[in-house]
Amino acid sequence: MASLYKTPLLRLKRIGPKKAAEFSKLNIHHIGDLLRFYPRTYEDWSHPLSVAEAPLNETCCIRATVTSASSPARIRGNMIIYKLIASDDTDDLHLTFFNQSYLYDRLKQGGTFLFYGVIRRTAAGYEMASPQVLSPDHAGIRPIYQQTSALSSRSIEDAVRQALQLLPPTLNDPIPDEIRQQYQLCGLAEALHGIHFPETPAAAEKARKRFVFEELLILQLGIGLRGSRKTPSTEYRITTDHTGEFLQLLPFSPTHAQLRVIQECIQDMRSSPTPMSRLIQGDVGSGKTAVAAAVCYTAVRNGLQCAFMVPTEILAEQHFQTLSRLFQDTGVRLALLTGSVKAAEKRRIYDCLCTGVIDLVIGTHALLSEPVTFSRLGLVITDEQHRFGVAQRAALASKGHSPHLIVMSATPIPRTLALMIFGDLDLSVLDELPPGRQTIGTYLVDESKRERIYAFLEKHISMGRQCYIVCPLVEQGESDLVSAEEYAKILQKTVLSHCRIAVLHGKMKPAEKEEIMTSFAAGEIDILIATTVIEVGINVPNATIMLIENSDRFGLSQLHQLRGRVGRGSEKSYCIMVSPSTNPATMERMQVMCRTNDGFLIADEDLRLRGPGDFFGTRQHGLPELKTAKLSDMVSLEIVRTAAQQILSEDPTLSEKKYAPLRFEVSRLFASTEIFS
Ligand code: ADP
Ligand code: MG
């Protein structure tokens, strides 16, 4: 299909430069992109129901005849309301339209139409507001595309219909024939028609299944090809293990899991000439920082420089303080490098890193900046890995000669998905929490409990404890939600006026944020009202209450991260989630939080409910975006892996002619990820 990929959209009717520009916003530049722009969902107009048999409060399609129309009425300003009644043998359906006069003109009495919308039952009878309308000859399954403000699903559909007609009689199918037969997958042409304009729901599913397979196959092959590239050997071998010495510095005894993971890392750095490449997964509070510190200590003692990169300045500052304290009498020389470090100090750090005077630098993205050079960078650690992309990790590593790599993640993802995302990393799991941790009492409550919540906060504050209150980020036009600032003002003026309250959000200057975090950590603030900037890593053991407003706005893994900010000391801690939602699915999701403190269970549940696409919140994990595959498809990952291995064992570089279309798709999927650059 290579030639079709290059055909510009302008070839199609009803697409001029302006519309083509709108398509570009959806990353559709050529006809090939358009054909691969699959519907988000479908509307099933193929089996219209009668009024009486239609399910209530669900979207459905009704076939009925217009029997009466009342005249238009003006309500509120420019709004005109049209009311009609359409009937069939079973009952009447009251239809309401707003402002759509053209529709009203079309819906002549006696005419039969298909109405698509949600039916409700009211005192007046069955009712449908603002349904879509089609003539009965258009019954069928209709594709619904992701639309933009200037590009409707219908106009995308029109373009796709034309594009399908341009398909040549035979297509180069990226999935080789024998694989297709072996796994019973339909051909590319059938799949393209089936995914855009299926005749039946089963046809759509058959097409989707093929594209999921194709997508996962291409992904596996891409990862496989990447893995087969020879990793250069490292010059930074470790000869002596200084963990024993390090443990003397720790104010606590390490857990078994911590000891094991430290050993796994040191073993990696000692044995093979290939540099270590290891993902450390550990639930919130499992003590990843101490593990990182231990590995850094041995690395430094072996003459290496270490860089520790974290996603936020607050976290960098905090790690810097923790590690400075830990290493204070050891001679390990540390530095903190973030965007807000003063220029003169930055220059000094650049010099010291370049000459090797600093052993361990902790910082943010600032570490990636061009003037940062090292004399012997041997170990690179990134914390909260999912916040960084593969490219960023590689950028830091390229400042040394194949340094050892550790990435740490608090998001415990299932093994299959981890392998898929981090394909080439070894995995260590910190599956044990430090002793004495109490489970965090977690409660889901509604507005009616607000007074009691504040009384609860007050009681704990009077006992010397501190609280976080998290408000979701307010987007423009969301007038029903209160921003963190407004929230603080309200509390300060009313119920909690005698408490020391401060606000922390992402838009503040780094110095301001740091000042607030420092005084919160010092106990000078009772209540910290924040957006999710506090989600990552922060450690203030005296904070024992986490109150999350509009908790339905957050994903489960994010809620778990937020909750992980409390329960870090010996005091009993609480997480209170407030939500106005009554949606059963939302409630079910949040109840998971009340049932368990286990991050692994929560992540599984999150994946089940949301799919891997959304799982990381942002799409920064360095993998290409998957268009069709969902979590439920991950079970087929193993099958696809076998198919990929089968292909690669036959042709490790995909250079045979029969794999040319597949190779083309692999490079296309990975084009935007820099994995192959
Ligand atoms: P995370 O894995 O979430 O990054 P941290 O490294 O921030 O966890 O550790 C959480 C808290 O637990 C810190 O206060 C840390 O000092 C403490 N901690 C870590 N390991 C142990 C241990 N073995 N025993 C007791 N406390 C520990
Ligand atoms: Mg951490």
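Modeller: Contact here means heavy atoms within 4.5 Å. This is a predicted model, in which local features need pLDDT of at least 70 and side-chain atom pairs count only at pLDDT 80 or more, while totals for chains, interfaces and linings use all residues. Residues are numbered from 1 along each chain as its sequence is written, chains are lettered from A and ligands numbered from 1 in the order in which they are written, and side-chain values use heavy atoms, with hydrogens and water left out.

Biologist: What share of contacts in the chain between residues at least 6 apart in sequence join residues at least 24 apart?

Modeller: The share is 73%. The chain has 677 residues, of which 53% count as buried, and it has 24 helices and 22 strands. Helices (H or I, at least four residues) and strands (E, at least two) are DSSP runs, numbered from the N terminus.

Biologist: Why is serine 87 called buried?

Modeller: Buried means under 20% relative accessible area, exposed over 50%, partly exposed in between (1.4 Å probe, protein chains only). Serine 87 has 12% relative accessibility, so it counts as buried. The residue is found in strand β4, residues 79-87.

Biologist: What makes the pairing of the side chains of serine 87 and threonine 67 a polar contact?

Modeller: A polar contact is a pair of N or O atoms within 3.5 Å; within protein, one must be able to donate a hydrogen and the other to accept it, and residues adjacent in sequence count only if both atoms are side-chain atoms. The contact between these two side chains is 3.0 Å. Leaving aside neighbours within four places in sequence, serine 87 is in contact with Ala64, Thr65, Thr67 and Asp92.

Biologist: Why is helix α19 described as largely enclosed by the rest of the structure?

Modeller: Of the 8 residues of α19 (residues 556-563), 7 are buried, so the description holds. Among them are Leu556, Leu559, His560 and Arg563.

Biologist: Which residues come nearest to ligand 1?

Modeller: Of the 16 residues around ligand 1, these are Gly285, Lys288, Thr289, Arg437 and Asn539. A residue is near a molecule or strand if one of its heavy atoms lies within 4 Å of it.

Biologist: How do you know that threonine 289 and asparagine 539 approach ligand 1 through polar atoms?

Modeller: A polar side-chain atom of threonine 289 lies 2.6 Å from an oxygen atom of ligand 1. For asparagine 539, a polar side-chain atom lies 2.9 Å from an oxygen atom of ligand 1. The protein covers 83% of the 570 Å² of accessible area that ligand 1 has on its own, with areas from the Shrake-Rupley method and a 1.4 Å probe; for residues, only the protein chains shown count as cover.
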